[in-house]
Amino acid sequence: DDDDDDDDGSGGKGDPRGLQRLRHVLRSYALYDKEVGYCQGMSFFVAMFLIYRPPTTPTPPLQPPLPPQQRKESEADTTEVVASSFGSIERDGGRRGSRLRTEAPFSSSKSTGGPASTSTASSSTASSTTSSSTPSLTSTSSSRVAAVDEGEERAFWQLVGPESGIRQLFLMDMQALLEKMNTMEQLVAAHLPNIHRHLEAEGISYSMFATSWYMTLFSSAFPFDLVTRVWDAFLGEGFKVLHRVSLSLLKCFESELLSRSFEELVGFLQHDLPNAVDPDVVMDTAFKLKLTKKEVDHIEADYRAASQSGGR
């Protein structure tokens, strides 16, 4: 229909091709980093990455659904191939800007001129590890070919990127997340003592409402306008920005928080507050807070020392 003709496959609401791109990145990361694998919170900000990285190759037409078992095997093959292709860039010396093409079971042969032979795929795979040519890998169980676009590739590397420190939040021991929760609590106690005392008196722990704030970097429930500003600042300044924004959110709604009891507080912090924010006010307030890196580092150092000594 007309809507399908106008769809660019970038992953708009209700677009299954957008979900396909999201699956490619998340499944590839799960294979790339087996220690972390896939965690639920990742999908929120990876989807945001893909919104800013629209497809750079034509999105292949959707195929009729396969039987459940065949679909499971086919998708597993696709993920292996996509992950191998992304990984080959690192092996080739970090050429993260190159465009990759690989086989996958989601498209028709029409999009690339037909299925490749086994011998051709083997020679292409070998050349990808010995030269600077574009990597090309072949799925073992599917002859249908698709393109892995640069948007997916860049979203994948943005998730991998060590400079962001995102990975530590999803490790099995959850120590990084517990550390962030402790830091937030200490900062609220120091900068917003009335709110801290009220939350403590009502039995509200910070993990009850702020876990999703930190694990998804605010991308799970807050307005997109605020989320993009938080990420702009986060990529430049790191986790201190998340503490700033968390404190700002509480400060902006101080009167509402202080007037509520336990049940009302939980609902307000988890649901009402994210829908009531003014991004301009929140970010302006966040950067007016007298919060220093030295203060954050001191709190985190104390927490780590206590953890190592068995104090927590």
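Colleague: Phe-234, buried or exposed?
Modeller: In this predicted model Phe-234 counts as buried, with a relative accessibility of 2%, where buried means under 20% relative accessible area, exposed over 50% and partly exposed in between (1.4 Å probe, protein chains only).

Colleague: What should I know about the numbering and the cut-offs on confidence?
Modeller: Residues are numbered from 1 along each chain as its sequence is written, and side-chain values use heavy atoms, leaving out hydrogens and water. Because the model is predicted, local features need pLDDT of at least 70 and side-chain atom pairs count only at pLDDT 80 or more, while totals for chains, interfaces and linings use all residues.

Colleague: How many aromatic pairs are there?
Modeller: The structure holds 17, counting rings of Phe, Tyr and Trp (its six-membered ring) with centres within 6.5 Å, and planes under 30 degrees apart are stacked, over 60 edge-to-face and the rest tilted. One of them joins Tyr-32 and Trp-157, which is edge-to-face because the centres are 6.0 Å apart and the planes lie at 80°.

Colleague: Which helices hold those two?
Modeller: Tyr-32 is in α2 (residues 16-32) and Trp-157 in α6 (residues 150-160), so the pair ties together parts 125 residues apart in sequence; helices are DSSP runs of H or I, at least four residues, numbered from the N terminus. Trp-157 is buried at 5%.

Colleague: And what does Phe-234 pair with?
Modeller: Phe-234 forms an edge-to-face pair with Trp-231, at 5.5 Å centre to centre and 80° between the planes, and both lie in helix α10 (residues 224-237).
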